[in-house]
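Please look at the structure on the screen while I guide you through a few of its features.

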Amino acid sequence: MKGFAGRTTVGAAVAWIDSALPNFRDLAVEEISLFHSAGRILACDVASNVNVPGFARSMMDGFAIRAEETHGATAYNALPFHVTGTSFPGTPFSGIVMPGQAVRIMTGAPMPDGADSVIPVEYTESQDQTVLVMGELSVGKHVGAIGEDVRSGSLVLGAGRSLRPQDIGVLSSIGCSSVQVIRRPIVRILITGNELLSAGTRPRGFQIADANGPMLHALVSRDGGLSVMPGIVPDDRESLIAALAEPADIVLVSGGSSVGLEDHAPRVLADHGTLAIHGIAMRPSGPAGMGVFNKHLVFLLPGNPVSCLCAYDFFAGRAIRALGGRNQDWPYRRIQATLTRKLISTVGRVDYARVKLDGIHVEPVAISGASVLTSTTQADGFVIIPADSEGYAAQTEVEVLMY
Ligand code: AMP
Ligand code: MG
C-alpha cells in the first residue's frame, strides 16, 4: 500500500472529462414515438412544413358576417341578418356569405367565404332564420388566421431542447408522429465490496447492505442515463476486468478506488486501459479516479456513500448528462443564504459541505463523515468551498445547491 503521491484539482478533472466527451452533433441519435418523448433531448432542429391552422377559423360560437355591415349596431340598434347555413368544425359551410347574410358558426369551424369576422352568440338574438346583431365588429375579429399558431417554414423547436409536454403537443400539431432524440447513454454500475449484501438486505454480522447501487441507479436516471446493474462484483482483479469489458457508454465502479489492498480498480484501469486521473484534491471523494477502458469512460467512485454521491455529482453525472445531450451544469437549484455558523475548510482542496436551510439561514450539518449517508438526508443542500478558501465565517452569504 502506498498513498497518493499528488492530487489532481477538481478543475483539472472536470477539464479532462470535457476533453473526453464528443460534441453534441456527434452524439448517437434514435427515432422514437412522440408518446415516449417527454424529457428526451431533441437531436435536430424541427421546422414546420404546414401552417397551423391551415385555414381561417372561428374563435367563438356565433355568426360569421361581414364586419363593415355591423357599423352602428348596438343593443338599442340591433341589425338583422339572414342566416343561410351553419359551419361546423371539420364540416364547413360551402356557400358564400353575401351582403345581409350570416352563417351560424362554431368554435374551430372554418370561416365561410365572404365573411371576415364573427359576432359571438352573446351579442345576438335569433328569431327563426334571422339573427339580430347587437355590436360592431372589425375585420378579423374572433377569427384565427392561417398560420397564426405555426407558420409553414418556421423553426418550431431547436436541437438540444429537453422536450416538454407542450412541445410534444406542438410536434403532433405539425404532423410529426415520431421525433429524433439523442440516445440515452447506457451506464453500467459495478458495485464492488466483499462485505456487501445486495441492495435492501437486512445487514447481519460484519456485512452491510449496498447503499450505493440504488442511489447511483437513481442518479443515473435523473441524468437521463439507462443503468445496467449486473450485481455485486467480487473484490478481485479478474472479476473486475471481466465486468469492465462488458459493453456500455459509461461505467461507474463503486468502491475499491483508493490505495488499499483490495482496491483493484485503479490498477486494472492503469494496466488494461487508461487511468487518467487518480486522487483528487477534494473532501469527501479524494480517492476518486477516472479513465478509459475499451473506449468507454470509467469513473472510480469511493465506496463511502457520501463520497460516492459527491464524486458522482462532481464528475460522472456531468459526463452522463453531456453524453445524453443534456446541460452539463449541476442539476440543482441554487439559492443564496446566510451562514449561522462558520464553515471550515482547508486551503488546497475543495470541500462539499452539507447544510440545513431554515428560511434564509443555513447551517452546516453537524456530523459530516464520508461514511455517514444520513448527513445528506438531513441536509437540504450543500455548499462548495473552493480550494483557495479556508472556509466561511458566520454571517457570510453563501450559495447553496439544493438537493
Ligand atoms: P472502499 O471504497 O471499497 O474502500 O469502501 C469504503 C467504505 O465504504 C467501506 O467502509 C465500505 O464498506 C463502504 N462501502 C463500500 N461500498 C459500499 C456500498 N455499495 N454501500 C455502502 N457502503 C459501501
Ligand atoms: Mg471496498
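I begin with a contact between two helices: Arg-237, Leu-240, Ile-241 and Leu-244 of helix 4 touch Ala-265, Arg-267, Val-268, Asp-271 and His-272 of helix 5. Sorted by class, the residues of this contact are 5 nonpolar, 1 polar and 3 charged. Please keep in mind throughout that we are looking at a predicted model.

How do we describe such a pair? In general, two packed helices are described by the angle between their axes and the distance between the axes. Helix 4 covers residues 237–245 and helix 5 covers residues 265–272; their axes come within 10 Å and cross at roughly 60°. The two helices are therefore oblique to each other. The crossing of helix 4 and helix 5 is right-handed.

Let us turn to helix 6, which spans residues 305–323. Helix 3, residues 212–222, has an axis that comes within 10 Å of the axis of helix 6, and the two cross at roughly 25°. Angles under 35 degrees count as roughly parallel, and helix 3 and helix 6 are therefore roughly parallel to each other. Their crossing is right-handed. From helix 3, the residues Asn-212, Met-215, Leu-216, Leu-219, Val-220 and Arg-222 take part, and they meet Pro-305, Cys-308, Leu-309, Tyr-312, Asp-313, Ile-320 and Arg-321 of helix 6. This contact comprises 9 nonpolar, 1 polar and 3 charged residues.

Helix 6 also meets helix 1, residues 10–20; here the axes come within 10 Å and cross at roughly 15°. That angle makes helix 1 roughly parallel to helix 6. Once again we have a right-handed crossing, this time of helix 1 and helix 6. Val-10, Ala-13, Val-14, Ile-17 and Asp-18 of helix 1 are in contact with Phe-314, Phe-315, Arg-318 and Ala-319 of helix 6. By class, the contact of helix 1 with helix 6 holds 7 nonpolar and 2 charged residues, with no polar ones.

The largest cavity contains about 60 Å³ of space. Its lining includes Thr-192, Pro-234, Asp-235, Asp-236, Val-253, Glu-262 and His-264. Leu-240 and Ala-265 are also in that lining, and both belong to the contact of helix 4 with helix 5.

Among the residues that line the second largest cavity are Arg-40, Arg-183, Arg-184 and Arg-326. By class, this lining has 3 nonpolar, 2 polar and 4 charged residues.

Finally, the backbone. Most residues other than glycine have a negative phi, and most peptide bonds are trans. Which bonds are cis here? One is the peptide bond from Val-52 to Pro-53, with omega near -5°. Pro-53 sits in the loop between strand 2 (46–47) and strand 3 (57–58). Another is the peptide bond from Arg-283 to Pro-284, again with omega near -5°. Pro-284 belongs to the loop between strand 20 (282–283) and strand 21 (289–293). Lastly, Asn-294 is not a glycine, yet its phi is positive, at about 50°. Asn-294 is located in the loop between strand 21 and strand 22 (296–301).

Thank you for your attention.

Technical notes
Residues are numbered from 1 along each chain as its sequence is written. Chains are lettered from A and ligands numbered from 1 in the order in which they are written. This is a predicted model: local features need pLDDT of at least 70, side-chain atom pairs count only at pLDDT 80 or more; totals for chains, interfaces and linings use all residues. Side-chain values use heavy atoms; hydrogens and water are left out. Axes are lines fitted to C-alpha atoms, for helices over the stretch in contact, and angles run from 0 to 180 degrees between N-to-C directions. Helices (H or I, at least four residues) and strands (E, at least two) are DSSP runs, numbered from the N terminus. Angles under 35 degrees count as roughly parallel, over 145 as roughly antiparallel, 65 to 115 as roughly perpendicular and the rest as oblique. A crossing is left-handed if the near helix is turned anticlockwise from the far one by less than a right angle, and right-handed if clockwise. Contact means heavy atoms within 4.5 Å. Ala, Val, Leu, Ile, Met, Phe, Trp, Tyr, Cys and Pro count as nonpolar, Asp, Glu, Lys and Arg as charged, and the others, Gly among them, as polar. On a 1 Å grid over the protein atoms alone, a cavity is a set of points where a 1.4 Å probe fits but cannot get out, and a pocket is an open set with protein on both sides within 12 Å along at least five of seven lines; lining residues have an atom within 4 Å of a point. Grid points are joined across faces, edges and corners, and a volume is the space filled by probe spheres set on the points.
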